[in-house]
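Subject: Structure for you to look at, with notes

Dear colleague,

I am passing on the structure we talked about, together with some notes on what turned up in it. Please have it open while you read, as the notes go through it part by part.

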Amino acid sequence: MGFIFDFLGSVFGYILWFFYDAFSNYAIAITLFTLLINIIMFPTAIKRQKMMAKNARLAEKQKEIQKRYGKDRQKYNEELTKLYQQEGTSPFGGCFSSMILPLILWGGIFGAVTKPLQNTLHISQEKISQSIQSVSELPEMKGKLNSGYDQLQIVRMFNEIKPHLTVLNEKELADLEEYSSGFDFLGINLLNRPNASSFKEMLWIIPLLSFIVSVVSMYITQKTSGNNIQAQGAMKAMPYIMFLFPAYIAYTIPAAVGLYWILNSLVGMFQSIILNKYYNVLTLNAKDEAVRFAEIKKFDSMVKQIKNPNEIVFNNDNIIPMTGKRKKSNI
């Protein structure tokens with residue numbers, strides 16, 4: 001899995017560097033990068049939405065099977081298998097696009113953001129290791145390099161440690177200097193971590209926004225999708241407690257990563273609004289039923305009727321026309 005993350009991180013790094021090189025501002029670059037990735041992945045989101053609609057329809061039919069054959073486990077499994085075959089899906093349908101693929105992409109994007117020397121500037125791993133080793137041995141830098149974000153910290157401290165990066169060539173130094181100068185966002189240094197910064201640096205706004213955007217996104221998504229089921233008791237607070245975790249992560253990681261998290265949540269929120277407007281469950285299920293009806297009608301038109309040999313068919317040859325006036329019946 002690490003190889004896949006590194007490969008995708010390198011690919012995404014080229015895109016991120018393209019935008020950064022064009023605007024010389026990391027906030028703009030990461031915004032355009034996030035938009036582009038979500039546009040590319042939009043067909044996958046549509047497919048995931050369709051799978052969710054199909055699963056919602058199957059859930060109702062599965063309940064009927066449960067009522068009929070709940071006590072007969074073997075018969076229940078047989079009927080359930082037939083249902084999945086008829087619907088052209090499986091119990092694990094959509095798992096890859098809804099769970100596995102987003103995780104893989106997140107790993108690649110996370111690598112592109114947190115390993116800029118390797119994936120964005122594409123400096124060799126050997127040179128990166130030597131640079132980190134040289135910097136870590138400096139008396140004034142001991143304990144300042146975090147093993148998880150050492151590449152970002154080298155970008156942040158570039159002006160201080162530039163004389164010690166002798167392993168890098170002129171182009172690599174020039175790219176690194178250009179990259180290190182564009183992380184100012186509304187007076188906030190995106191290379192710093194909120195938990196290692198003072199209150200005046202305003203970095204605390206990143207985890208706060210992360211929490212707010214997550215809550216608003218959940219509310220809007222539920223409202224537009226029609227999923228307004230109210231939780232009871234302590235369960236009402238569960239979503240908000242759950243969103244505290246990414247907010248805490250955003251508090252402990254460089255603000256650049258937290259900014260991506262916020263941007264991706266915002267884009268995902270608007271994407272959900274679009275999907276629920278044009279690809280909502282009712283619309284998709286109605287289209288599926290229309291297609292199913294058309295297929296049944298087409299199949300029926302192709303079926304050749306088998307006539308009963310004893311059946312009397314009335315036509316012009318065996319119908320005798322009535323002549324004269326019809327007598328009135330006394331009945």
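Predicted model: local features only at pLDDT ≥ 70, side-chain atom pairs only at ≥ 80, totals over all residues.

Helix packing around H13

Helix H13, which covers residues 255-278, packs against helix H3, residues 42-69, at an angle of about 50°, and the two axes lie 11 Å apart. Since angles from 65 to 115 degrees would count as roughly perpendicular and those under 35 as roughly parallel, H3 and H13 are therefore oblique to each other. The crossing in which H3 passes H13 is right-handed. On the H3 side the contact is made by Phe42, Ala45, Ile46, Arg48 and Gln49, which meet Gln271, Ile274, Leu275 and Asn276 of H13. Sorted by class, the residues in this contact between H3 and H13 are five nonpolar, three polar and one charged.

Helix H2, residues 26-40, also packs against H13, here at an angle of about 40° and with the axes 10 Å apart, which makes H2 oblique to H13. The crossing of H2 and H13 is right-handed. From H2, the residues Tyr26, Ala27, Ile30, Thr31, Phe33, Thr34, Leu35 and Asn38 meet a set in H13 that consists of Ala256, Leu259, Tyr260, Leu263, Asn264, Val267 and Gln271. By class, the contact of H2 with H13 has ten nonpolar and five polar residues, and no charged ones.

A serine in a loop

Ser197 sits in the loop that runs between strand S2 (188-189) and helix H11 (205-225). Its side chain reaches the backbone oxygen of Arg193 at a distance of 2.7 Å. Leaving aside residues up to four places away in sequence, Ser197 touches Asn192 and Leu203.

An aromatic pair in H1

There are ten aromatic pairs in the structure. In one of them, the ring centres of Trp17 and Tyr20 are 5.8 Å apart and the ring planes stand at 20°, so this pair is stacked. Both residues, Trp17 and Tyr20, belong to helix H1 (residues 2-23), where they are three residues apart, or about one turn of the helix.

Technical notes: Residues numbered from 1 in each chain as written. Heavy atoms only, no water. Axes fitted to C-alpha atoms, helices over the stretch in contact; angles between N-to-C directions. Helix = DSSP H or I, 4+ residues; strand = E, 2+ residues; numbered from the N terminus. Parallel < 35°, antiparallel > 145°, perpendicular 65-115°, else oblique. Left-handed = near helix turned anticlockwise from the far one by under 90°. Contact = heavy atoms within 4.5 Å. Nonpolar A, V, L, I, M, F, W, Y, C, P; charged D, E, K, R; others polar. Polar contact = N/O pair within 3.5 Å; in protein donor to acceptor, adjacent residues only side chain to side chain. Phe/Tyr/Trp six-rings, centres within 6.5 Å; stacked < 30°, edge-to-face > 60°.
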